[in-house]
Amino acid sequence: MAEGRAGALLAKVGLAAASVVPPALLGARFWPSVREHPVGALLLFLAYLVLLAAVGFCVKVYTNVADRWVTRAADGVDRRLRWRISRFERDYRAYVLSHHRFIDLKGLATRGDFTPGLEEVFVDVSLVPTPTHTASQESLAGTVRAAGAAVRQSIHDFLGTPDGTALAVIGAPGTGKTTLLKHLALRLAREPGKRGSRDLPILLFLRDHAAAITADPEITLPEVIGASLRRLRGDEPPGWFDRQLQAGRCVVLLDGLDEVAREEDRRNVSKWVEEQIESYEANDFVLTSRPHGYRSAPVNRARVLQVRRFTGEQITRFVQGWYRAIERLSTGADDAAVADRAAEEATDLLDRLRARPVLYDLAANPLLLTMIANVHRYRGALPGSRAELYAEICEVLLWRRQEAKGNVAALPDELTGAKKEAVLRELAYVMMCERRRDIDTARAAETLGPALFRVGAAAVPVEDFLAAIVASGLLVERERGMYAFAHLTLQEHLAALHIQYRGLVDTLIAGVQDDWWRETTLLYAARVDPGPIVEACVDSGSVTAIALAFDCEEEAAEFAPETRRLLEDLRTDALRTGPDMPMGRLMTAVTVTRALRQTVRLGQDTLVCASPVSEELYGLFTGEPRAGHRTATGMTGREAAAFTQWVNELLPDGPRYRLPTEAEVADEGFRMVAADRPVWYAPDAQTRLWVPEGTEHPWSVPMDPEGQVWLGQDDEADRVLELGKLGLAVVRGFANSSGLAADPPRRRVGVTRGSGVSVGSQARHDAQAARAGALILSLGLDTALVRDIVLAPERAWERAGATHPSPGLSRHGNPARVLEFIRPLAPSLPPKAHVDQLAEATRLVALLLIVAAREDSTVAGLLRAVSFPDRLARPAGETQPVSTRIAPDPGEEGVAASVAAGFLWNAANTTRDLEDMSANLPAALSQLTGRLIDELRPPEAPDPAEAPYLRLTALTLAAVADRLLHAPEAAEAYRHTVRGVMARCGRADGTMPKPETIVLVRA
């Protein structure tokens, strides 16, 4: 400090000397001039002072900047040198890597011989900022939030702010909080200096230090860290962790605030954490807790983040990673065969989960998913019944996991796991009988008090028991004093056990027509012969009860032969009477009821069917019964709506079903059910198709088929165009031979195969030829005349003369010449059965020639053979789906064509010179639009021979709208119509997929 002050004083003396000495010397040297010009001398002196001040300022700025960069460079060099020199930091990072490298399987009822590495199976959980009271209401599997309600973010999105940050990560038991901190510690320990200035991880488990903190609240964070080092204890250089914290190098990870058992101790630990954040605020702090533990002891400076449930994609990634790691460990190899076996096992488990929607819903919790994967891997399959898996889940939550962690007893007189379960069985049964999802403390005490007395725990306060079960994760406190089981399935499982142990089967018999008891009944049937229940179902005769009887048969571990025969008789009677008779209709309703029973909950109130509609179920609707459980696909939106109506009419006394809304199909939980299939939904009165993000739209058609530039350019379209050119050549020859139009001099007329009209070069500027060409095109638009030319030439001559007067053109023709003209053409003309196609193609080509001529602004274009695709091409575009605005369904192109026609005629009514282009143009357009609408109205695909005509008709009308009427909206509507036609034809001939399916929602 003294040296700094001396340096500053010396700098000031030097600056003063520089301000006085040089001007004094110069003044003495040039004194005569100074005396003669005092004002100028003064100005020069002032300028010198300003310059001197500027130089001094620049020197100070440079010195300050240089000092900062020197400091930064020194810090960087120091950090690298410390990394290379400091043996303790290297040893500490190695300790973190070795201590946390494996996934934690302690406490699982089913465990194997191999523990996979954490980084091999880690799937980053997603976090979302949330108020503490909202997080406290989350269930074991988590609440499914609508997509878009909050963006999924990683822990890394919240760390690394300039001034340090404090986060509280809140989640239900098993949601991956501890695993998240361990993975973060591993990454930081492995990559020093690569993640900003804070690259030193410090992971502390608060349950291990709660006693020390509560005994000495003044204990510092470095002291607690030192106590956690185990084998490194004593190797730390004095004050090393304190220096790292003071330098802001650390990410402090504090796990398990809720695992501090006593609430008073938890508050003391929370206060201690706040003090450490304040003392070392340049560092990042991340604390984890279950909601109930954090709500009673929040950290005021921390931002609360809620752990979100796994999505379907995250479940898949975890299972695949799990099996890759286990197979590598168990075989000691890492080759293609191991990868194939791992993929096979992972696929098997994922298929089993999807087949059991309740399990798939529970698998959104990482702990439960780990349990399920362990059971599947080491038992060779999932348990034989859901009841066995639920029993294992309850066992882990109630006591195994706490025992493995070595938690302090949460109850004064600790109960065994079996006794806790016995008490909870009674609570679950009471809640089922009272049709409750939630129960308040007072009502719970009425049940729990006597139940605790029966298991010898009368001294345990009900509030303490509830708090302990909430801590385990089996109960959640949704609001203060209001409790619910973490998942309804666990409530039903425990109630079924209570009914089994207490012999209360009459409760289930009385509820055979009540959906509320269905899952409890099936869980009971998985353990005990459900014969009395099945007999009660059959006696009831209702759809709901009989469906339950067949479900019990499927679920039962044992089933009396006489009961099985009872159900077989029902099936036989239904097959004998047929589907339209009362018994057949009853069994159809039973089949539908059973197929739609399984549901997955979205949010709190929405139940979506757990799987898409099957082929068997959809076959009952269409009258084409099919066996099997494959997903029905390929229906239109109209058919999906009709199916939904059929289901509701079939089940008048059952739950009502509907198509999902737009918000529901966007829900993350819905994607688990849809499995990335396009699904029909109903945002309003009209059905629409939802296509999952990243999935190609099933109605996508190429804008440029076969790599060409025009939508209509393919072999089928070329044949139509060539036929139209031939027809126009026939019309031209007819007009000339009949005398309606005179052949201009030096011009040869002929018909060449596939080419159309040949025109002499002098005709380009011949006005008569232009007028003749206009007449020919006008004749070509008259399809009735074209038919007559081929089938009745003499009548055609009379008709043409009456309906197509041509003033100024030759009228010296002879009807007999028409016959002479037609005879040589007979081999080139289509059979009489296809003359209508010739007439239609001729009209299209005539209309396209008019468009091309208007584009060229030359009348000669009316008579030239034209490359229509080149003339009418639009720039090649990307693949596009059928517009949902114009054609929401590949079966509704007639609707789209009607919309397009409205656009077209609105534009045509504002174009005054439409008739001047050709006498028959308005009538031709009217006929084309009407025919297109009529042909496209039926829902089935058009005849393959007719499809190219429909496509070219729509394309021609698009060209007219674009080039003649300047109506781009109409043009685009017609192009959407074409895409719809192509999609419908492609789906009919199998060249386009038909993945659309139905997933129903209970209304």
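Mentor: A residue is called buried when its relative accessible area is under 20%. Please keep in mind that this is a predicted model.

Trainee: Which residues of helix H28 are buried, then?

Mentor: Helix H28 covers residues 615-622, and Glu615, Leu617, Tyr618 and Gly619 are buried there.

Trainee: And what do the buried residues of H28 pack against?

Mentor: They pack against two helices, H27 (582-595) and H29 (637-650).

Trainee: What follows H28?

Mentor: Glycine 623 follows H28, and its phi is positive, near 80°.

Trainee: What about a positive phi in a residue other than glycine?

Mentor: Arginine 435 is one such case, with phi near 55°. Arginine 435 sits in the loop that runs between helix H18 (417-433) and strand E7 (439-440). Most residues other than glycine have a negative phi.

Trainee: Is arginine 435 buried, exposed or partly exposed?

Mentor: Arginine 435 counts as partly exposed because its relative accessibility is 48%.

Trainee: Let me step back. How many helices and strands does the protein have?

Mentor: The protein has 43 helices and 17 strands. Of its 1003 residues, 52% are buried. The accessible surface comes to about 45,600 Å², and carbon and sulfur atoms account for 52% of that surface.

Trainee: What share of the contacts join residues at least 24 apart?

Mentor: The share is 73%, counted among contacts between residues at least 6 apart in sequence.

Trainee: Now the strands. In what order do the 6 strands of the open sheet lie?

Mentor: The order is E1-E6-E2-E5-E4-E3, and the pairing is mixed. Strand E1 (127-129) and strand E3 (200-205) are at the edges; each has a single partner strand, so one side of each has no neighbour in the sheet. On average, neighbouring strands of this sheet are turned by 25° against each other, direction ignored.

Trainee: Do E2 and E6 run parallel or antiparallel?

Mentor: Strand E2 (residues 166-170) and strand E6 (residues 303-307) run parallel and are joined by 4 bridges. Leucine 167 has arginine 303 in E6 as its bridge partner.

Trainee: And how do E10 and E11 run?

Mentor: Strand E10 (residues 599-602) and strand E11 (residues 606-609) run antiparallel, with 4 bridges between them. Threonine 599 has cysteine 609 of E11 as its bridge partner. E11 also pairs with strand E17 (residues 1001-1002), in the antiparallel sense and over 2 bridges. There, leucine 607 stands opposite arginine 1002 of E17.

Trainee: Changing topic: how many disulfides does the structure hold?

Mentor: It holds 0 disulfides. For cysteine 537, the nearest cysteine sulfur is that of cysteine 552, 5.9 Å away.

Trainee: Which residue does glutamate 426 form a salt bridge with?

Mentor: Its partner is arginine 502, and the closest N and O atoms are 3.6 Å apart. Glutamate 426 lies in helix H18 and arginine 502 in helix H21 (residues 488-502), 76 residues apart. Glutamate 426 is buried at 14% relative accessibility, and arginine 502 is partly exposed at 46%.

Trainee: Where do arginine 443 and glutamate 446 lie?

Mentor: Both lie in helix H19 (residues 441-454), 3 residues apart, about one turn of the helix. Arginine 443 is buried at 19%, whereas glutamate 446 is exposed at 53%.

Trainee: Which residues are linked in a network of salt bridges?

Mentor: The network links Arg518, Glu519, Asp551, Glu554 and Arg594.

Notes. Residues are numbered from 1 along each chain as its sequence is written. This is a predicted model: local features need pLDDT of at least 70, side-chain atom pairs count only at pLDDT 80 or more; totals for chains, interfaces and linings use all residues. Side-chain values use heavy atoms; hydrogens and water are left out. A disulfide is a pair of cysteine sulfur atoms within 2.5 Å. Buried means under 20% relative accessible area, exposed over 50%, partly exposed in between (1.4 Å probe, protein chains only). Contact means heavy atoms within 4.5 Å. Accessible areas come from the Shrake-Rupley method with a 1.4 Å probe; for residues, only the protein chains shown count as cover. Two strands pair if DSSP finds at least two bridges between them. Axes are lines fitted to C-alpha atoms, for helices over the stretch in contact, and angles run from 0 to 180 degrees between N-to-C directions. A salt bridge is a side-chain nitrogen of Lys or Arg within 4 Å of a carboxyl oxygen of Asp or Glu.
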